[in-house]
Amino acid sequence: MPEPAYVAIAGELARKIRRGELAPGSQLLSQPELAQRHGVSTIVIRKAIGLLLNQGLVRTVERRGTFVAEQPTLVRISPERQLEPPETSFGNEAAANTVEVTREERDIPATAELAADFGVAEGDLLRHVIVRATEGGRPISISDNYEPTDARDRTAKYLEETVADRIPVPSHQNWLGTRAGELATTIHQRFIAADEQVVMISDITYPRDRYDAFVFRMTLP
């Protein structure tokens with residue numbers, strides 16, 4: 001089926017924003033002007049702007065219009081039972097540069113804290129995946145992800161997520177290049193199966209000035 005007009009228009013504007021053709025803070029044409037340019041109704045333009053708002057690419061100011069977001073908003077669109085890869089999350093940003101993601105994976109013995117979370121014995125092996133992201137050579141994210149070695153056979157049903165500004169752990173501080181004692185934005189996630197068994201834990205850190213906001217969108221039962 002042909003792509004709906006509002007999706008095509010939103011896609012065109014999103015590409016211009018990500019390539020930097022529409023600079024952060026710049027104002028889009030008014031809805032009537034966009035409607036005339038694309039040969040559609042203002043209702044179509046309103047729906048296109050709504051898509052850009054959902055992606056954090058623009059913001060609206062009452063009585064003034066629509067503006068390109070000064071800083072990206074991290075929008076994670078992840079239905080229940082689906083773990084969204086970081087490439088997808090970063091793909092929703094208003095960043096002009098491509099984000100590069102690397103992974104380092106190994107098995108480690110569970111600490112007392114992790115053993116209690118996962119309901120295993122201290123010293124049992126857990127899979128530890130470190131995910132690092134850079135944009136234009138600048139480190140912008142690092143995460144430690146833990147799961148039992150058999151967790152990939154299980155499905156997460158619930159996600160508990162805590163977002164807070166904290167002093168990052170040393171490994172995250174070193175990667176991001178933050179100063180000693182400087183706060184960073186941290187996200188602690190617990191993915192839980194239907195039987196309440198924890199199947200994965202993620203600790204993610206971003207520079208505190210990286211995002212204006214965090215939006216997590218999920219499908220409700």
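A residue is called buried when its relative accessible area is under 20%, exposed when that area is over 50%, and partly exposed in between, as computed with a 1.4 Å probe on protein chains only. The structure is a predicted model, in which local features need pLDDT of at least 70 and side-chain atom pairs count only at pLDDT 80 or more, while totals for chains, interfaces and linings use all residues. Residues are numbered from 1 along each chain as its sequence is written, and side-chain values use heavy atoms, with hydrogens and water left out.

Helices (H or I, at least four residues) and strands (E, at least two) are DSSP runs numbered from the N terminus. Helix H1, residues 5-18, has 14 residues and reaches 20 Å from its first C-alpha to its last, close to the expected 20 Å, where the expected span is 1.5 Å times one less than the number of residues. Ile9, Ala10, Gly11, Leu13, Ala14 and Ile17 are the buried residues of H1, and they pack against helix H2 (31-38), helix H3 (42-54), strand S1 (58-61) and strand S2 (65-68), contact being defined as heavy atoms within 4.5 Å. After H1 comes glycine 20, which has a positive phi near 85 degrees.

Most residues other than glycine have a negative phi. Arginine 63, although not a glycine, has a positive phi of about 70 degrees; this arginine 63 is found in the loop between S1 and S2 and is exposed, with a relative accessible area of 81%. Glutamate 196 likewise has a positive phi, near 75 degrees, and lies in the loop between strand S8 (184-192) and strand S9 (198-207), where glutamate 196 counts as exposed at 54% relative accessibility.
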